[in-house]
Each structure stands twice: as C-alpha cells, then as structure tokens.
Amino acid sequence: RAYAIAHEVGHHIQHTLGLLEKVRQRQQQVDQAEANQLQVRVELQADCLAGVWGHYTAKRNLITRSDLEAAMATAAQIGDDYLQKQSGRRVVTEAFTHGSSKQRMEWFAQGLKTGDIGSCDTFQ
C-alpha cells in the first residue's frame, strides 16, 4: 500500500512542478500512440519518485527490506504487459499507458538506489 501511496504522491509532485500540465498539452498535439508514450513516462517518473521516498524511509528504518520487496513485486504486477497477459490479451506495447513490469521495477529501483529526484527524468 505504501508503494501505491508514494506513487500517487509522485503524481502530486509532478503536478506541483507543472509537469502534468505540460504533458497534457503535448498529448493533445500528438497521435494516440505518442500520447500513450508520454503517459508511460509520467507513470515511470512517479514510480521513480516513489523509490526516492522509499530510499529515505528505509534510511529512517520506517520500512523493512520485506516492505521494499513487496513494493517491487507490486510494481511487477501492475505493468501493462503483465496486466494484458493476465486478461488473456496479447501484449500491445503501443497501448501501454503505465509501462512494462520491467520498466516499472527499474524506475522504482532507480529512485530507491539514488534517493535523488534528479535521477527520475524519464523524459530525457
């Protein structure tokens, strides 16, 4: 649950920084496939920001290694590829809006490892 909350706080940070509005404006100017890719970048950045939260929370001994492993398992289970497979559909990367399981785990791990918001630029 903490991972999901931290991910949503990541979206709040994106909103506060004005990033969400910029992405929404860009999405209105491009085709659906590119708009989906922009959304994937937003979601992966929120995963990385959740990892930054995890980094500092773990340093303060407020969460355990097993909490972090559970967060990583959750990231794997909410990837678009995993969800498409679970629903019996074939994996269509152009339809992704949140990223693959691998991407979600990698970006969460990036924030967790570095503890640096600057390492969360998924738009480079």
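Figure 1. At 4% relative accessibility, V40 counts as buried, because a residue is called buried when its relative accessible area is under 20%. This value, like every other in these legends, comes from a predicted model. V40 belongs to helix α3, which spans residues 32-59. Leaving aside its neighbours within four places in sequence, the contacts of V40 are F96, T97, H98, G99 and Q103. One of these, T97, stands 57 residues from V40 in sequence, yet the two C-alpha atoms are 4.8 Å apart in space.

**Figure 2. Helix α1 and its two faces.** Helix α1 covers residues 2-16. Its 15 residues reach 21 Å from the first C-alpha to the last, close to the 21 Å expected at 1.5 Å a residue. Which residues of α1 are buried? They are Y3, A6, H7, G10, H11 and Q14. These residues cover an arc of only 155° around the axis, which puts them on the same side of α1. The buried residues of α1 pack against α2, α3, α4 and α6. On the face turned away from the buried side, the exposed residues are I5, H12, H15 and T16. Just after the helix, G18 takes a positive phi of about 85°.

**Figure 3. Helix α2 and its buried face.** Helix α2 runs over residues 19-27. Its buried residues are L19, L20, V23 and Q27. Seen down the axis of α2, they fall within an arc of 95°, so they line one face of the helix. The elements that cover these buried residues include α1 and α3.

Figure 4. N61 is found in the loop between α3 and α4. Its phi is positive, about 60°, although N61 is not a glycine. As a general rule, most residues other than glycine have a negative phi. Is N61 buried or exposed? At 66% relative accessibility, N61 counts as exposed, because the cut-off for an exposed residue is over 50%.

**Figure 5. The largest pocket and its lining.** About 180 Å³ of space lies in the largest pocket. Its lining is made up of 14 residues, and R1, A2, Y3, D67 and A71 are those nearest the centre. The elements that give two or more residues to this lining are α1, α3 and α4 (65-77). Which of the elements gives the most to the lining? It is α4, with five residues. By residue type, the lining divides into 10 nonpolar, two polar and two charged residues. Y3, named here among the residues nearest the pocket centre, is also one of the buried residues of α1.

**Figure 6. Helix α6, with one buried face.** Helix α6, residues 101-114, has 14 residues and extends 20 Å from its first C-alpha to its last, close to the 20 Å expected at 1.5 Å a residue. Within α6, the buried residues are S101, R104, F108, G111 and L112. Seen down the axis of α6, these fall within an arc of 105°, so they line one face of the helix. What covers them includes α1, α3, α4 and α5 (80-86). The face turned away from the buried side carries the exposed residues K102 and K113. After the helix comes G115, whose phi is positive, near 65°.

**Figure 7. S101, a buried residue of α6.** S101 lies in helix α6. It is buried, with a relative accessible area of 11%. Not counting residues up to four places away in sequence, S101 touches A75, A76, G79, D81 and Y82.

**Figure 8. S119, a buried residue in the segment after α6.** S119 is located in the segment that follows α6. Its relative accessible area is 16%, and S119 is therefore buried. Which residues are in contact with S119, leaving aside its neighbours within four places in sequence? They are C48, W107, Q110 and T114. Between the C-alpha atoms of S119 and V52, the separation is 9.3 Å, although these residues are 67 residues apart along the chain.

Definitions and conventions. Residues numbered from 1 in each chain as written. Predicted model: local features only at pLDDT ≥ 70, side-chain atom pairs only at ≥ 80, totals over all residues. Heavy atoms only, no water. 1 Å grid on protein atoms, 1.4 Å probe; cavity = no way out; pocket = protein on both sides within 12 Å on 5 of 7 lines; lining within 4 Å. Points joined across faces, edges and corners; volume = space filled by probe spheres on them. Helix = DSSP H or I, 4+ residues; strand = E, 2+ residues; numbered from the N terminus. Nonpolar A, V, L, I, M, F, W, Y, C, P; charged D, E, K, R; others polar. Expected span 1.5 Å × (residues − 1). Buried < 20%, exposed > 50% of the residue type's maximum accessible area, 1.4 Å probe, protein only. Arc of directions from axis to C-beta. Contact = heavy atoms within 4.5 Å.
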